[in-house]
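Visitor: I would like to go through this model with a few questions. Please show it to me.

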Amino acid sequence: MDVTEVLLSAQVIDSTIRKHAEETLKQFQEQNFPGFLISLSGELANEEKPVESRKLAGLILKNRLDAKEQHRKFELVQKWLSLDVAVKSQIKACLLQTLSSASSDARSTASQVIAKVAGIELPQKQWPELIGSLLSNVHQVPPHVKQATLETLGYLCEEVVPEVVDQDQVNKILTAVVQGMNANEGNIEVRLAATRALYNALGFAQANFSNDMERDYIMRVVCEATLSPEVKIRQAAFECLVSIGSTYYDKLAPYIQDIFNITSKAVREDEEPVALQAIEFWSSICDEEIDILEEYGGDFTADSDVPCYYFIKQALPALVPMLLETLLKQEEDQDQDEGAWNLAMAGGTCLGLIARTVGDDIVPLVMPFIEENITKSDWRQREAATYAFGSILEGPLPDKLTPIVNVALSFMLTALTNDPSSHVKDTTAWTLGRIFEFLHGSTVETPIITPANCQQIITVLLQSMTDAPNVAEKACGALYFLAQGYEDVGSTSPLTPYFQQIVQSLIDVTRREDAGESRLRTAAYETLNEVVRSSTDETARLVVELVQVIMAELHSTLETQKLSSDEREKQNELQGLLCGCLQVIIQKLGASEPTKYAFMQYADQVMTLFLRVFACRSATVHEEAMLAIGALAYVAGPNFAKYMPDFYKYLEMGLQNFEEYQVCAVTVGVVGDICRALEDKILPYCDGIMTLLLKDLSSNQLHRSVKPPIFSCFGDIALAIGENFEKYLMYAMPMLQSAAELSVHTSGVDDEMIEYTNLLRNGILEAYSGIFQGFKNSPKTQLLIPYAPHILQFLDSMYMEKDMDDVVMKTAIGVLGDLADTLGSNAGALIQQSLSSKDFLNECLSSEDHLIKESAEWARCLAAVFDEMSPHVILVLPARRVVMKSVPVRQIRFHYT
Amino acid sequence: MPPHDLRRPFKRAAISDQHRRRELSLQRQAQNRQDAQHQARCLAQTILSLQNDSAEPEQEFEIVPQPEEQAQDFDVRQAARLRGSEARRWFAKQLMLPEWMIDVPDRLNTDWYVCARPAGKRCFVVSSNGTTVSRLRNGSMLHRFPSALPNGSRTNNSSRSGQSYCILDCIFHEPDQTYYVIDMLCWAGMSLYECTAEFRFFWLNSKLVETGACNDPSPYHRYRFRTILIYDCDQEGLKAAYSGSVPYMKDGLLFYNKHAHYQSGNTPLVLVWKDENCSQYVLDTDSTGQVPDQQQLVLELLDDGRLATSDDPPVVFGCLDRDFIQKELGIS
């Protein structure tokens with residue numbers, strides 16, 4: 001077989017030839033995997049072969065080393081590691097050789113493949129000579145080899161974690177890279193490759209940045225590179241500065257003045273890609289300072305990890321005017337262009353971050369700009385002024401902003417109606433949305449929206465919904481936040497008089513021909529959802545009427561037949577929005593008894609529609625429809641049983657959806673809803689459900705975030721079917737036990753892992769609670785006794801680790817109570833033996849968190865049973881928290897005088 | 001190596017409604033799961049309270065009402081907005097009721113306050129929406145009147161928002177037509193439920209006077225409010241509370257544990273003491289005005305053997321052996 005020919009055929013336009021070639025390659029791979037890889041690497045290294053076949057060979061090779069999905073990646077790594085050493089050496093030799101190729105495409109491809117191999121081998125302490133041989137390449141004369149080598153080092157730093165490379169080698173890599181960046185490096189390509197490599201290597205430079213001399217040197221070279229005559233080098237150098245700004249924030253103080261000078265020159269004078277990076281530097285400094293200030297709440301002590309240097313506050317007087325200038329550099333149609341990103345957008349975004357960083361201080365610096373420009377005849381000035389205003393609404397205190405907003409509001413409403421520029425209207429509507437988001441709501445002291453202006457605001461917003469799609473979308477957004485501000489308004493909402501009009505306008509928007517543009521339809525449905533969520537009993541009747549409207553819309557999406565794949569995608573999206581809307585309505589109406597019954601008359605029809613939505617698709621389940629069904633099950637209660645025969649297959653399908661793990665997670669939640677709705681009527685479906693849940697747990701393909709809810713779901717099932725859970729014990733209990741063992745030790749792992757561990761523990765504990773409660777009062781409780789020691793040990797060890805969060809603590813102490821409750825006297829001795837049950841209980845009893853305390857009080861009253869078996873009395877005091885005391889009866893004296 | 005994408009979200013609301021729908025669903029499911037477990041556990045309590053009774057457990061008996069659920073599901077800060085029968089029902093369950101002092105609590109002198117309780121009608125006073133309402137123990141209304149409390153009358157300075165209101169625990173003292181404030185639950189929209197008595201009294205004493213609520217009555221302030229003197233429960237404090245003179249008629253002593261939060265219903269963390277020196281209501285008298293040797297107390301023996309007081313609501317405090325019932329009381 002001629003590999004070259006096959007590789008070339010695999011790239012032709014004719015699909016028959018292409019498919020055949022792909023098939024041939026697949027067979028080759030299956031018959032002789034090592035031979036296949038060797039041919040590919042040989043092809044890539046061969047200077048005589050056409051560049052197209054060389055590139056594809058490299059690409060296929062790369063794809064045999066890495067994949068996006070975790071489990072697939074793991075398989076590929078194992079497969080590579082298991083190859084014969086000679087085979088691997090031969091491939092690696094070819095790859096290194098290709099770095100000297102005359103073809104830049106071949107070199108670049110080889111760079112990436114080398115980095116992938118390094119990503120697999122370096123953590124295994126294999127290929128130790130790689131970095132050495134790359135570094136010796138750097139000293140070679142031909143610039144193209146030098147360039148390819150630096151690029152390889154860059155990719156390598158992206159692929160491997162710093163821990164697997166010795167500090168000595170890190171020093172050498174950095175030296176080589178920084179030398180390549182130096183101004184006296186004559187070759188532009190080399191200098192560019194070095195600058196880009198530094199970007200990735202920065203993460204390795206922890207030690208070097210702690211050394212003043214080395215850091216000074218790196219900073220000097222980076223700053224010099226920002227002045228290079230070559231625009232790409234300047235851009236790459238600024239990228240390095242951005243990365244340094246966030247990675248080494250605490251080392252920045254000596255350089256910040258110089259960086260300000262460099263960036264402000266770039267923002268004002270340089271080409272856009274460079275200027276954008278310069279703005280990004282300040283945005284990322286804002287990100288850092290916002291994080292630091294949030295973490296410590298401005299309360300710094302000697303042990304704060306990272307101090308805040310207040311760079312933004314110090315640079316404020318110069319930074320703000322610089323950014324305000326950028327606002328005037330808008331592009332004509334940026335609002336219609338999804339991918340647009342220009343100076344004005346970046347500048348305004350940065351201004352918004354600065355407002356969040358410094359708060360009130362920004363207001364006096366921006367107000368003169370707004371006042372000067374807001375009434376100018378040039379739309380750019382009006383838009384820039386409005387955008388500046390909208391940008392600073394998050395951060396400063398409401399006290400500072402409210403008086404200004406009160407003055408500005410009617411001006412803005414007029415602009416939204418009358419301004420001739422669509423661009424100005426877009427920004428005005430967005431700014432109104434920000435006003436309502438940050439300055440309106442139950443937590444705000446002085447209301448912005450009053451009985452005097454409410455009607456005008458709503459009239460203007462509804463009118464704007466008939467404007468251009470981008471303007472209408474922003475108007476919907478503004479209404480969203482306006483409604484959200486009334487979410488906890490109580491029984492009377494100021495929106496009530498306008499409810500019907502608002503709903504009608506939103507429905508009209510969704511039916512606009514151009515509602516597909518600018519995300520308009522989505523925005524309209526989302527706003528409708530929020531209007532429903534924030535509505536009160538006064539408009540419940542209208543929400544019930546809305547059910548029919550949305551059902552009709554959903555029905556019409558089901559009528560169209562024979563769709564192209566593009567149309568199918570649109571249909572799918574629209575169905576998602578409609579199901580989402582129904583979900584919100586069902587949840588709203590389900591929250592009180594009268595509205596629940598009002599909704600139930602539509603339950604059959606709604607369910608039929610959901611089932612038809614499912615039927616539209618062959619392999620997957622619609623997430624939004626699934627969520628809506630969960631809400632329906634909650635409302636329908638035991639009546640949901642009649643839908644189960646038709647619905648069950650989709651439940652199965654959802655539980656098997658490993659790829660879209662959100663769908664799987666949502667389905668698991670719905671199983672819980674159905675358990676609570678049907679109780680023991682779910683029994684006939686449990687074999688199937690439990691089988692799938694157990695499969696999900698054992699799968700390494702399924703995203704880990706779905707596993708804790710699956711455990712909780714075991715609890716839901718057990719609580720629903722009681723002692724019938726018996727037959728699943730032998731499968732579920734070992735799974736719970738091994739997960740429990742895994743989740744005990746968290747020392748030395750990161751925050752994210754600790755959070756996950758706590759989620760996992762909570763799931764496991766909820767399962768135990770459900771199982772114990774389910775078996776209570778059953779003659780089969782003794783089946784659980786063998787598992788009790790392990791569970792108590794699990795509680796003990798979690799207590800010892802001292803890293804439970806409040807939720808876990810509450811669930812854990814609840815499990816102790818459930819165990820005592822269900823096992824009765826059998827549990828007494830076990831609990832007595834348990835090391836820390838009593839300490840744990842006492843700690844919970846003194847908790848500040850009332851939920852923990854409540855669970856603990858409950859567990860205590862049960863545990864008391866075992867302390868004293870003599871006849872005793874339980875005092876139930878009608879208190880806010882139930883207090884139960886156990887007192888021997890004879891000690892009671894009546895002291896009523 | 002291409003440059004990295006640096007676009008940030010532009011003019012987009014940071015929210016995703018889909019994300020929100022998912023979150024709200026999860027919250028609802030978690031809540032439903034908690035409710036289901038809670039229900040299972042409540043059932044457990046019912047059965048437990050019978051377990052040690054040798055009598056056959058009876059499923060039907062009535063559980064003592066536990067106001068705790070309402071109190072938790074319901075934010076006290078919304079209570080000020082309740083109207084009509086809803087308000088009546090809610091407030092009927094909210095007063096903190098003292099237990100009789102039957103022994104001396106540990107650390108009485110350091111951890112407790114003492115004060116002389118004014119005689120009169122125990123009630124809640126709620127000011128909101130420009131008016132003030134007082135409600136008796138059973139939730140029914142005593143007075144509706146303008147007051148100088150936050151948002152307690154229409155003329156209050158307008159900077160106070162509609163959010164502002166307060167809830168006080170008072171005793172209305174008929175002779176001088178004064179509300180004596182004995183505790184503070186909410187002040188200017190802030191809930192003090194989760195605050196210790198120490199803090200509540202501090203706040204009460206520093207805030208009440210500021211509003212002018214302690215001033216003499218005027219057209220916009222119909223009744224006077226007064227704080228009462230609260231003493232540390234050492235010898236001097238006890239003496240002052242017990243025998244010191246006060247501008248009102250005394251009805252016993254109240255003891256507050258300094259660390260206790262306000263909780264509705266009976267609590268051992270607030271105690272009441274009455275004797276003839278400090279209260280005229282302490283003892284029953286017979287038709288001639290003489291105090292009999294023994295005071296009477298009516299207890300109710302429930303079918304399942306438990307004993308309850310005839311308070312409203314009844315307090316179940318014990319249960320009797322079947323043997324005891326049969327032999328000593330002759331009931332079978």
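Guide: A disulfide is a pair of cysteine sulfur atoms within 2.5 Å. Note that the model is a predicted one.

Visitor: How far is the sulfur of Cys170(B) from the closest cysteine sulfur?

Guide: Cys170(B) counts as buried because its relative accessibility is 0%. Its closest cysteine sulfur belongs to Cys123(B), too far for a bond, and the distance is 5.4 Å.

Visitor: How far apart are the end C-alpha atoms of helix α15 of chain A?

Guide: Helix α15 runs over residues 256–269 of chain A, which is 14 residues.

Visitor: Which helices do the buried residues of α15(A) pack against?

Guide: The buried residues of α15(A) include Ile256(A), Phe260(A) and Val267(A). In chain A, the buried residues of α15(A) pack against α13, α14, α16, α17 and α18.

Visitor: Is Pro50(A) buried or partly exposed?

Guide: Pro50(A) sits in the loop between α3 and α4 of chain A. Leaving aside neighbours within four places in sequence, Pro50(A) is in contact with Thr4(A) and Leu8(A). Its relative accessibility is 30%, so Pro50(A) counts as partly exposed.

Notes: Residues are numbered from 1 along each chain as its sequence is written. Chains are lettered from A and ligands numbered from 1 in the order in which they are written. This is a predicted model: local features need pLDDT of at least 70, side-chain atom pairs count only at pLDDT 80 or more; totals for chains, interfaces and linings use all residues. Side-chain values use heavy atoms; hydrogens and water are left out. Buried means under 20% relative accessible area, exposed over 50%, partly exposed in between (1.4 Å probe, protein chains only). Helices (H or I, at least four residues) and strands (E, at least two) are DSSP runs, numbered from the N terminus. The expected span of a helix is 1.5 Å times one less than its number of residues. Contact means heavy atoms within 4.5 Å.
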